[in-house]
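Here is a short report on the side-chain contacts and surface features of one protein chain. Keep the structure open while reading.

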Amino acid sequence: MKTTKYYIAAITCFVIWGFFSLVLKPIHDYASLDILFYRVFSCSILMLIIAFTFKRKRIKEAIQNFKSLPTFEKRKTILLNIGGSVFLMANWFTFIYVMNHVSVKATSLAYLVCPILTTLLAYFILHEKLSKTQWIAVGLSISGCVLLSYANIMDMFFSIIIGSTYASYLVSQRVNKGFDKFIILTFHITLAALFLLPFYPIYSGPVPTEFKFYFCIETIAILFTIFPLFLNLYALSGINSSTVGMLLNINPMIAFLLAMFLYKEQFGLIQIIAYGIVFLAVLVFNSHHIFAMKQKFIAISKDSKIT
């Protein structure tokens, strides 16, 4: 039960991301690169202001901790954080492009593929152990994704690209410990902003003038980037990346419902069955924690009746 707060952080994060299309679709007429530029720049400016206003002590501690590390650990920390920034940037661009120019279904499928990739990477790279029940859940997820890819192979192609970038981010940040999570996130996003800055004058379109664009960008920056990413990193500090990856399935479940009922995208019976299988996989994978919570609630209710 000590891990409950980390589960809540991960679930909250992925519920928020499930509704991402609500603010991304209204600006689909803008180029994907422009949306990426303004999203990253806005996030970086906001986070730097917060960090240097409220987190000065944490910044000093992070610098001191880094200086005290052995040479090998310093190199490892640098690679983990540069890699994290690159993975995030790649994930954001591919996600925006696919959602606005391919389909919401394809992005939904991406975050069904991502938990499988995350679990496999965590198993082979981090040597995270899975129970037989959890392997069954992974098998269910794979079967669900195979059914979805049967309906549209190109959606699966784009989904693997999006999913692999975020799976790599989750696994890399699982071992990125010893520093304040907000400072780490600020570094990732600011590094991405610095990397993108030279490309802005060449590849950006005309400066947007619509209020709608800036309203959506700032909403994306605060509500759909900074807050959920912080929760994501916090969750990774307390539970395995494979578990966080499997909870990520909450995101596409919500996106699937939005695609079907709000955006009126067509879904066949096979696709509906496939999403049902993946939802079942999430419950099976986390059944041990669900059962533990149920037992605790039963015990609490019995104690309250006695008293």
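This is a predicted model: local features need pLDDT of at least 70, side-chain atom pairs count only at pLDDT 80 or more; totals for chains, interfaces and linings use all residues.

Lys74 sits over the face of Phe66, 5.9 Å from the ring centre.

**Domain record**

The UniProt entry, which is unreviewed, carries the annotation "domain: EamA" for residues 5-149 and 166-286. Residues 5-149 are 87% helix and 0% strand. The end C-alpha atoms of that span are 35 Å apart. Residues 166-286 are 75% helix, again with 0% strand. Here the end C-alpha atoms lie 21 Å apart.

**Salt bridges**

How many salt bridges does the structure hold? The count is four.

| Pair | Closest N to O distance |
|---|---|
| Asp180 and Lys55 | 3.6 Å |
| Asp180 and Arg58 | 3.8 Å |

Take Asp180 with Lys55, a salt bridge with its closest N and O atoms 3.6 Å apart. This pair links distant parts of the chain, 125 residues apart. Asp180 is in the loop between helix H8 (153-174) and helix H9 (181-196). Lys55 is in the loop between helix H3 (32-54) and helix H4 (56-68). Asp180 or Lys55: which is buried and which is partly exposed? Asp180 has 18% relative accessibility, so it counts as buried. Lys55, at 23%, counts as partly exposed.

Asp180 also forms a salt bridge with Arg58, at 3.8 Å between the closest N and O atoms. Asp180 lies in the loop between H8 and H9 and Arg58 in helix H4, so this pair ties together parts 122 residues apart in sequence.

Arg58 is partly exposed, with a relative accessible area of 43%. Glu61 is partly exposed too, at 29%.

What do the shared partners build from these salt bridges? Lys55, Arg58, Glu61 and Asp180 are joined into one network.

**Aromatic pairs**

The structure holds 23 aromatic pairs. One of them is Phe20 with Phe95, which is stacked. The ring centres are 5.3 Å apart, with 10° between the planes. Phe20 lies in the loop between helix H1 (4-18) and helix H2 (21-24), and Phe95 lies in helix H5 (residues 71-101), so the pair ties together parts 75 residues apart in sequence. Phe20 is buried, with a relative accessible area of 4%. Phe95 is buried as well, at 7%.

Tyr123 and Phe124 form an edge-to-face pair. The centre-to-centre distance is 5.1 Å, and the planes are 85° apart. Phe124 is exposed, at 59%.

Ring pairs also build a cluster. Its members are Tyr30, Phe37, Tyr38, Phe41, Tyr200, Phe213 and Tyr214.

**A nonpolar surface patch**

Which residues form a nonpolar patch on the surface? They are Ile11, Val15, Phe19, Leu22 and Leu262. Together they have about 370 Å² of accessible area. Ile11 belongs to helix H1. Its relative accessibility is 34%, so Ile11 counts as partly exposed.

Most residues other than glycine have a negative phi. His127 is not a glycine, yet its phi is positive, at about 60°. Where is His127 placed? It is in the loop between helix H6 (104-126) and helix H7 (132-151). His127 is exposed, with a relative accessible area of 61%.

Technical notes: Residues are numbered from 1 along each chain as its sequence is written. Side-chain values use heavy atoms; hydrogens and water are left out. UniProt positions are given in the numbering used here, feature names are shortened, and annotations may be inferred rather than shown by experiment. Helices (H or I, at least four residues) and strands (E, at least two) are DSSP runs, numbered from the N terminus. A salt bridge is a side-chain nitrogen of Lys or Arg within 4 Å of a carboxyl oxygen of Asp or Glu. Buried means under 20% relative accessible area, exposed over 50%, partly exposed in between (1.4 Å probe, protein chains only). Rings of Phe, Tyr and Trp (its six-membered ring) pair if their centres lie within 6.5 Å; planes under 30 degrees apart count as stacked, over 60 as edge-to-face and the rest as tilted. A charge sits over a ring if NZ of Lys or CZ of Arg is within 6 Å of the ring centre and within 35 degrees of the ring normal. Patches are made of residues with over 30% relative accessible area and no salt bridge: like charges are joined within 9 Å, nonpolar side chains (Val, Leu, Ile, Met, Phe, Trp, Tyr) within 5 Å. Accessible areas come from the Shrake-Rupley method with a 1.4 Å probe; for residues, only the protein chains shown count as cover.
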